Amino acid sequence: MRTLVIAGGPNINPCVASIAASCDKVLCADSGADFAVINGIHIDRVIGDMDSISRDATDFLDMKNVPIEVYPPEKDMTDTELVLRSIEKESEVVLACSLTGRIDHVMANLNLILKLHEEGYDITATDGITDVIPMCGKETISLKGVDNPKTAVISLVLNRGDVNGVTTEGLYYKLDRADLKFGSSFSISNKLMPDTDSFSVTVEKGSMLVVITDSEA
């Protein structure tokens, strides 16, 4: 089961619609439904306090009989977290969210996917241009078919402390059981080796975010 969660907020690229086509279910957090409606994405359920969704989107949901779960505005988590925690851990989850704009929301969503991954969720985040993959040791990820490999930029971002035993394959600046220090920019802006569109990262201990973006997007 692959589930797409569309969060509210700006700067989500319309190409997320192609991700939706590969998913078994699409859930929207509040005004994430506006993005789905505008881009012709089928919606299975909308969850949130409904304080930012447009009237046009609400009317569309009513016409299509899309289930809506309404929560009070005064609650202990964001609409996005409400949606994510409604999904069973066995499902692969893709969170479509803004990775630019309000820095508090961006940071909260990135911390959230890392926390959920530590809890056992298979989850990634994307805005359609940049992909963010959480890792917590001991773990290996392998990615094949990276879009635009000549202009792809790969960064390893630490936000919980040091990370130990980091090994990479397929990246220009290779790491071999390296220890990365929290707060250092050492592991920012790597790139793929020439003539390849794949790479792997292994972590022995600690947690971090693998960020893949296109330098020319």
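Residues are numbered from 1 along each chain as its sequence is written, and side-chain values use heavy atoms, with hydrogens and water left out. Because the model is predicted, local features need pLDDT of at least 70 and side-chain atom pairs count only at pLDDT 80 or more, while totals for chains, interfaces and linings use all residues.

I start with the core. A nonpolar core here is a set of buried Ala, Val, Leu, Ile, Met, Phe, Trp, Tyr and Cys residues joined through side-chain atoms within 4.5 Å. Buried is under 20% relative accessible area, exposed is over 50%, and partly exposed lies in between, with a 1.4 Å probe and protein chains only. The largest nonpolar core has 25 residues, and those touching the most other members are Val-5, Leu-84, Leu-95, Leu-110, Ile-113, Ile-123 and Val-132. Two or more residues each come from β2 (25-29), α4 (79-84), β5 (92-96), α5 (103-118), β6 (122-126) and β13 (207-214). Helix α5 gives the most, with 6 residues. Helices (H or I, at least four residues) and strands (E, at least two) are DSSP runs numbered from the N terminus.

Val-5 is in contact, meaning heavy atoms within 4.5 Å, with residues including Leu-27, Leu-84 and Leu-95, leaving aside neighbours within four places in sequence.

Next, Thr-202, in strand β12 (residues 199-203). Thr-202 has a relative accessible area of 18%, so it counts as buried. Not counting residues up to four places away in sequence, Thr-202 touches Met-135, Glu-139, Thr-140, Gly-165, Val-166 and Thr-167. With one of them, Thr-140, there is a side-chain to side-chain polar contact at 2.8 Å. That term covers N or O atom pairs within 3.5 Å; within protein, one must be able to donate a hydrogen and the other to accept it, and residues adjacent in sequence count only if both atoms are side-chain atoms.

On to Tyr-172, in the loop between β10 (163-169) and β11 (178-180). Tyr-172 is partly exposed because its relative accessibility is 44%.

Last, the backbone. Which residues does a cis peptide bond join? They are Gly-137 and Lys-138, with omega about 0 degrees. Lys-138 sits in the loop between β7 (131-136) and β8 (139-143).

Asp-30, not a glycine, has a positive phi of about 50 degrees. Its place is the loop between β2 and α2 (32-38), and at 2% relative accessibility Asp-30 is buried. Asn-65 also has a positive phi, near 55 degrees, but at 66% relative accessibility Asn-65 is exposed.
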